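User: I'd like to go through the ligand site with you and check what backs each label. Can you show me the model first?

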Amino acid sequence: MLRKPGSKRRTRRADQAGASFLTLDIGTEWAKAVITNQAQRQVLSAGYARQHLGDMDGGAIANIAGVTETVSRALREAVSLADAEPQLCLAGIAGELVQGVVSSITSERKRPDVPLTLREISRLAWHTVAQAHMAAKEKTALQSGIRNPHVELVDTALIEIRIDGYRVSNPVGFRGKHLAISVFHTFSPLVHVRAIESVVRSTGCQLLGIVAEPFAVATCALPAEAYELGAVVVDIGGGSTDVAVLEKGGVVGTKMVAMGGRAFTRSLADAFSLSLDIAEELKIDYATGSLAAEQAEQVRSVIDADMKVFVEALRLAFSDLKGAGTLPTHVYFCGGGSGLPGILDLLDHPQWLKQGFFTRTPTVVRLSPGDVKSIQDPQGFLQGFRDVTPKALATQGARVLADRFQEGTPSFTGIRKGG
Ligand SMILES: Nc1ncnc2c1ncn2[C@@H]1O[C@H](COP(=O)(O)OP(=O)(O)OP(=O)(O)O)[C@@H](O)[C@H]1O
Ligand SMILES: [Mg+2]
C-alpha cells in the first residue's frame, strides 16, 4: 500500500493485523456486509438487507438515515452469524459520477545505484495526483453539467512500474536510472464520499478505505490469462452497471452507468400493473425458469424491449472506455442483474464489431464468488452472482490490512487514500 508522503504511520495494536474486518457493499438493491478473518483469509459471515425504495440512486446514497438503518440490519445479521465484532471497515463505491483516471509519470533517478524503496515510489506516485484530479474534475463537469465540481480522491493503485524499460511487479530493491510508473486513481464527488463515510461511522468501525467496486472485481476475481490478454468486467447491479477495463495487467479505466436490473423490474410492474415487490418476484421466477411457457413469453417481450435500452447503456460505457482503440475481447460479468436470461448474449452481435468496439466477437463469462480465490469461504456464505463484488471487496480489505501491517510483499493495489 502506498502512503501519502509525510503522513504518519498509524500505530495500532499488533493483534488487529490478525483480527476480523468488515466490508460493506452498499448496493442500490442490497446492502451486503461481510466479515472476514484476516489471519486465515476466511469469510466468517455475510449479512444482507434490502434497501428501501428511494434510499439509493444509481449506485449512490440518496438518504443517509435510511441507508444507515439498512446497513445496520445487514451488519447485525453478519455479526450474529460470525460472533465477531469487527473494528475496521472497507467500503465499496460505485455510481455514475465515480471516475477512474490513469496517469503516468517518469523520473530520472539521481542515484541509480541506490535500491528503490516503497517510499520513493510513493513519492513519485503522489506527483500524479494533481494531473489526475484535473482530469476527473473535467470529466465530472462534462457529465454533471456543474462547473468546477468538487471531486475527492478515494483510492490510488499502482498499475505499472518500469525500471530502465523493464516491467517489474515489485520494484523494491531494484536499482536503475529511469523509473516510469502508471497509477490508477479513483475520484468521486465529495458528497458521495462523505455519505459513505457517515454510514461507515454509524457501524462503529474505523474506515480502512474506499475502493471502486469494478476495480475490486477486476483485480481480485479474474483468471491469470485476463491479466495477460486484457479484460472487460461488467457488474450489473440493481441500479447501476459498473464497467472496468484491464490492459497489460492493470485497470486502465472504469465507467458506471445508471441502469441495472431494477429497470427491468420497473417495466414489468408498469406493463402488468404490479407492485415492485411482485414484479421483482416475477422477474426472478422468469430468470430461474419457474414460469409457465405462456407467462414466460409475456415477460420476455417486456424484458426484450428493455434489453434495447440496456444495450445503449452498455454502448455508452464502452464508448467512454475504448477511446480511439478497441476493447479487450474477454468480458466477465457479475452482479445480480447478470442473472437475467439473454443479458450476456447482448455482446454476441455484429454491431459491436462494425462499430469498432471489439476486433472479434468477445468471449463472455459470468463470474461466481468461487472465482475470487484469495479469500476462502468454507461455510459458503457468498454464493450468488451478486456476491462476487462483496467477496472482491473482502479481498481488497485483506490486501490493505496486509500492506498496513507489512505482511509479505506489498500488493500495489487498492492503495488507500493517504493521510
Ligand atoms: N437470478 C437473477 N436473475 C435476474 N436478476 C437477478 C437475479 N438475482 C438478482 N437479480 C437482480 O439483481 C439486482 C440486484 O443485484 P445486486 O445485488 O448485484 O445489486 P446492488 O449491488 O444492490 O446494486 P448496484 O450495484 O446497482 O448498486 C436486482 O435488480 C435483482 O432483481
Ligand atoms: Mg452492486
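This is a predicted model: local features need pLDDT of at least 70, side-chain atom pairs count only at pLDDT 80 or more; totals for chains, interfaces and linings use all residues.

User: Which backbone atoms pair up with ligand 1 oxygens?

Analyst: A polar backbone atom of W30 is 2.8 Å from one oxygen atom of the ligand. For G337, a backbone N or O atom lies 3.1 Å from a ligand oxygen. Both values fall within 3.5 Å, so these are polar contacts too.

User: How much of ligand 1 does the protein bury?

Analyst: Taken alone, ligand 1 exposes 650 Å², and the protein buries 91% of that. Ligand 1 sits in the largest pocket.

User: Which elements give two or more residues to the shell?

Analyst: Those are β2 (30-37), α7 (261-272) and α8 (276-287). The most comes from α8, with 4 residues. In total 22 residues surround the ligand, with T28, E29, S240, E280 and K283 the closest. By type, the shell splits into 4 nonpolar, 12 polar and 6 charged residues.

User: Why is ligand 1 said to lie between domain 1 and domain 3?

Analyst: Because domain 1 (14-96 + 191-215 + 377-416) and domain 3 (257-366) both give residues to the shell around ligand 1.

Notes:
Residues are numbered from 1 along each chain as its sequence is written. Chains are lettered from A and ligands numbered from 1 in the order in which they are written. Side-chain values use heavy atoms; hydrogens and water are left out. A residue is near a molecule or strand if one of its heavy atoms lies within 4 Å of it. A polar contact is a pair of N or O atoms within 3.5 Å; within protein, one must be able to donate a hydrogen and the other to accept it, and residues adjacent in sequence count only if both atoms are side-chain atoms. Accessible areas come from the Shrake-Rupley method with a 1.4 Å probe; for residues, only the protein chains shown count as cover. On a 1 Å grid over the protein atoms alone, a cavity is a set of points where a 1.4 Å probe fits but cannot get out, and a pocket is an open set with protein on both sides within 12 Å along at least five of seven lines; lining residues have an atom within 4 Å of a point. A molecule sits in a cavity or pocket if more than half of its atoms lie within 2 Å of its grid points. Ala, Val, Leu, Ile, Met, Phe, Trp, Tyr, Cys and Pro count as nonpolar, Asp, Glu, Lys and Arg as charged, and the others, Gly among them, as polar. Domain bounds come from an automatic or database domain assignment.
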